[in-house]
Amino acid sequence: MAAFGIATGGSNWFSALALGVTLLKCLLIPTYHSTDFEVHRNWLAITHSLPISQWYYEATSEWTLDYPPFFAWFEYALSHVAKYFDQEMLNVRNLNYSSSRTLLFQRFSVIFTDALFVYAVHECCKCIDGKKAGKELTEKPKFILSALLLWNFGLLIVDHIHFQYNGFLSGLMLLSIARFFQKRHMEGAFLFAVLLHFKHIYLYVAPAYGVYLLRSYCFTANKQDGSIRWNSFSFVRLISLGLIVFLVSALSLGPFLALNQLPQVFSRLFPFKRGLCHAYWAPNFWALYSALDKVLSVIGLNDKWFSSAVPTHSPSLSDSLGHLYLHSDCHVGPRGFLRCLILCALSSFMFGWHVHEKAILLAVLPMSLLSVGKAVDASIFLILTTTGHYSLFPLLFTAPELPIKIILMLLFTIYSISSLKTLFRKEKPLFNWMETFYLLGLGPLEVFCEFVFPFTSWNLKYPFIPLLLTSVYCAVGITYAWLKLYVSVLIDPPVGKTKKQ
């Protein structure tokens, strides 16, 4: 509660939102948890009971440590609290160990560290003015944004049912974004550098940070037309940014460099031997590609013809495709940076190598910040969020969680659409007929996958069909949202450009 009091700065409604979602998280403690629960328990055991020289070599469990060193130290710190709950969870040999105390500790560790996310949301709300609305509290952009972030359905089910620590990591990213809006560039750069050494998936958005800092911080002045004044480049600022990155990296990787273990660490962080698609296809370009490839092979078309029509996919190709996003708008203030960050995250999700479906949250959460500013951004946010959140449904496949995920998503989706429609009620509708038809199609898809298909004769022979349909259907919506966002960036004149231009 103290954390909430600090974060809210006396805003009673913000405290109520934060406290309400915290109570909901506590109610979710007994629910199903995935193998990620055992993954993090094993990492607690590794970092607590073994010397640092063995952290990235230990392989007793199949769930080896494959996050950057800062996260390993985070687990190490947690382990010194965990020992007061159940010492047995810290034994590396206790594979798949579980107890009521272990469950409580790990669940509450996620809830407690979410305090950073709450603080970051509050800081973002101070920076994002949004569209002016009515006098009612629930119609104010800051209230809507707070609800969209604090009660985000994706974070709730991924962190507090499935089990991960995305909350405080997303908090670091949102806090770095807020610092850019507050013109505290060095703090923003430091926070992002730290974030990279907690979870390397944020490398996806590193180009947006690099370009923005180079353009808006290292160059200290612009011409009247908004273009760069080249003689304003500050080497001192560039060196200071480089020093931040170097010191954070040295603190993280230095011990492993001294142990001559960097190759081993990097082999764990970047396992390119894994396949292009995850076991459950993330709803992106490669899901559509794989589905089309399968259809063509079934109907008897020559596989070689299709393979020659699409370049051979590899990690380097995926990365190249994933970086077709940087636009000149990236340097036009922090709002332009935010757009490019989202394009980075979404483009990398679309074309990345071995992408997990949970990575859609990297785009959904920052897109929330734009959704209260313009109607077109609200429309993109609603399509992306509704589709992206539904694509997470297969993560919770047990019967007791079925009503929970359906009810929580319905509540979040209904609130999102109704609140943003109210905010932009004087403008054109947020959805056209095609978008409305597509989003409504998620209902019949869910009915078929959960209530019809299990009772058909295909269930035993083709059990993967619900996953395939979900992945492909959601890939269409996410691809559409990505294209719509890209087009809006290209045709929307950057803020600050004159009419004469």
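Reader: Leaving aside neighbours within four places in sequence, with which residues is Lys-405 in contact?

Author: This is a predicted model, in which local features need pLDDT of at least 70, side-chain atom pairs count only at pLDDT 80 or more, and totals for chains, interfaces and linings use all residues. Residues are numbered from 1 along each chain as its sequence is written, and side-chain values use heavy atoms, with hydrogens and water left out. Lys-405 sits in helix α20 (residues 401-423); helices (H or I, at least four residues) and strands (E, at least two) are DSSP runs, numbered from the N terminus. Taking contact as heavy atoms within 4.5 Å, Lys-405 meets Phe-153, Phe-393, Leu-396, Glu-446 and Glu-450.

Reader: Is Lys-405 buried or exposed, and at what relative accessibility?

Author: The side chain of Lys-405 has a polar atom 3.0 Å from the backbone oxygen of Phe-393. Buried means under 20% relative accessible area, exposed over 50%, and partly exposed in between (1.4 Å probe, protein chains only). Lys-405 therefore counts as buried, at 2%.

Reader: What share of the residues in the protein chain is buried?

Author: The protein chain has 24 helices and zero strands. Of its contacts between residues at least 6 apart in sequence, 75% join residues at least 24 apart. The protein chain holds 501 residues, and the buried share is 54%.

Reader: Which helices do the buried residues of α11 pack against?

Author: In helix α11 (residues 206-218) the buried residues are Ala-208, Tyr-209, Tyr-212, Leu-213, Arg-215, Tyr-217 and Cys-218. They pack against α9 (166-181), α10 (185-196), α12 (235-258) and α17.

Reader: With which side chain does the side chain of Thr-102 make a polar contact?

Author: Thr-102 lies in helix α5 (residues 100-113) and is buried because its relative accessible area is 0%. Not counting residues up to four places away in sequence, Thr-102 touches Phe-37, Arg-41, Asp-86, Met-89 and Tyr-97. The C-alpha atom of Phe-85, 17 residues apart along the chain, is separated from that of Thr-102 by 6.8 Å. At 2.8 Å, the polar contact of the Thr-102 side chain is with Ser-99.

Reader: What is the relative accessible area of Lys-183?

Author: Most residues other than glycine have a negative phi. Lys-183, although not a glycine, has a positive phi of about 60°, and its place is the loop between α9 and α10. Lys-183 counts as exposed because its relative accessible area is 66%.

Reader: Where is Asn-260 found?

Author: Asn-260 has a positive phi of about 60° although it is not a glycine. Asn-260 is exposed because its relative accessibility is 65%. Its place is the loop between α12 and α13 (262-269).

Reader: Is Phe-235 buried or exposed, and with what relative accessible area?

Author: Phe-235 lies in helix α12. Phe-235 counts as exposed because its relative accessible area is 59%.

Technical notes: A polar contact is a pair of N or O atoms within 3.5 Å; within protein, one must be able to donate a hydrogen and the other to accept it, and residues adjacent in sequence count only if both atoms are side-chain atoms.
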